[in-house]
Amino acid sequence: MIRIAIVEDNPDLLDEVSFVLRHEHFQVTPCLDGGEFDVALQQESFDVVVLDVGLPGEDGFSIARRIRQTHPATGIVLMTARGDIADRIQGMQEGADAYLTKPVDLRELALVIRAISRRLPHTTGPTQGLRLFLLDQVLQLEGGERLALTRSESLLLSRLSRTPGQQATRQQLIEALGYRYADYDPRRLEAIISRLRKKLTQAGLEEGVIRVVRQTGYAFSYPLLERERMES
């Protein structure tokens, strides 16, 4: 799954963009400013960062410059109301791969992100372990057997496996499903996790492959390589 950070200081727009991109099968981390983004960056890596320019404190141009210096392989999309040619030129000089002027059609944003991602270098991932084909909703086991998953199970497994052995909070998992945390019954999450755990154990994986982190969330402890689709 393509991992995206969105840095946007308008909470309503941040909510809207995050919601739509999750339904486009991206893994989304929303941030209201550069400080929140820096905290998120300490916890995980991103394939593409979508930046507003007119942020409080450090602006998007400065953040883009830092990303390009410290994470040169990361894609950068500037999404801003500042559409003057001078701003566009500055944005590209700071390292942006694309410059979109608001209001942005979110379908176009999704296409731009995918196009940038195709140009990025990809790691080969583990040589041993599971393989998740997210859009096909298939988990391939080490022996080559394939396990059919539901869309919800695929999205949860993708989020759980991002940092093997480490935890994902209930809020992160619910948002990975494309829902707002405050509107979602956590018992639904528990039911999906239970079904997924049962499928994995019936397929021969150890029972503790998904374990509960008390009062926080869940953790996944198995190497997994993720791709969007199986090769034809």
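What is the order of the strands in the open sheet of four strands? In this predicted model, the order is β8-β7-β6-β12. The pairing in this sheet is mixed. The edges are taken by β8 (146-148) and β12 (224-227). Each of these two has a single partner strand, so one side of each is left without a neighbour in the sheet. On average, neighbouring strands are turned by 20° against each other, with direction ignored.

Within this sheet, β6 spans residues 130-133 and β7 spans residues 138-140. The two strands pair in the antiparallel sense, over three bridges. Phe133 stands opposite Val138 of β7. A helix also packs on the sheet: α6, residues 151-160. Helix α6 touches β6, β7 and β12. The direction of α6 makes about 130° with that of β6.

The chain as a whole can be described next. Its secondary structure comes to eight helices and 12 strands. The radius of gyration is 18 Å. For 232 residues the globule rule gives 17 Å, which is close to that value, so the chain is as compact as a globular protein of that length. The C-alpha trace spans about 60 × 40 × 30 Å along its principal axes.

A further open sheet has three strands, in the order β9-β11-β10. Here the pairing is antiparallel. The edge strands are β9 (167-169) and β10, and each pairs on one side only. From one strand to the next, the twist averages 30°. Two helices pack on this sheet. One is α6, which touches β9, β10 and β11. Its direction makes about 75° with that of β11. The other is α8, residues 186-202, which touches β10 and β11. The direction of α8 makes about 145° with that of β10.

Strands β10 (residues 210-213) and β11 (residues 217-220) run antiparallel and are joined by four bridges. Ile210 stands opposite Phe220 in β11. Val212 stands opposite Tyr218 in β11. The two strands form a hairpin, with three residues between them. In the turn, Gln215 has a positive phi of about 65°.

Helix packing was examined for two pairs. Two packed helices are described by the angle between their axes and the distance between the axes. The axes of α6 and α8 come within 10 Å and cross at roughly 85°. Angles of 65 to 115 degrees count as roughly perpendicular, and α6 is therefore roughly perpendicular to α8. On the α6 side, the contact is made by Ser152, Glu153, Leu156, Leu157 and Leu160. On the α8 side, the residues are Leu189, Ile192, Ile193, Arg195, Leu196 and Lys199. By class, the contact of α6 with α8 divides into seven nonpolar, one polar and three charged residues.

The other pair is α1 (residues 11-23) and α5 (residues 106-119). These helices pack at an angle of about 60°, with their axes 10 Å apart. That angle makes α1 oblique to α5. The crossing is right-handed. Helix α1 contributes Glu16, Val17, Val20 and Leu21 to the contact. Helix α5 contributes Leu106, Leu109, Ala110 and Ile113. The contact of α1 with α5 has seven nonpolar residues, no polar residues and one charged residue.

Two loop residues complete the description of the backbone. The peptide bond from Lys102 to Pro103 is cis, with omega near -5°. Pro103 lies in the loop between β5 (98-101) and α5. His25 has a positive phi of about 75°, although this residue is not a glycine. His25 is found in the loop between α1 and β2 (27-31).

Note on methods. Residues numbered from 1 in each chain as written. Predicted model: local features only at pLDDT ≥ 70, side-chain atom pairs only at ≥ 80, totals over all residues. Heavy atoms only, no water. Axes fitted to C-alpha atoms, helices over the stretch in contact; angles between N-to-C directions. Parallel < 35°, antiparallel > 145°, perpendicular 65-115°, else oblique. Left-handed = near helix turned anticlockwise from the far one by under 90°. Contact = heavy atoms within 4.5 Å. Nonpolar A, V, L, I, M, F, W, Y, C, P; charged D, E, K, R; others polar. Pairing = 2+ DSSP bridges. Rg over C-alpha atoms; globule rule 2.2 N^0.38 Å.
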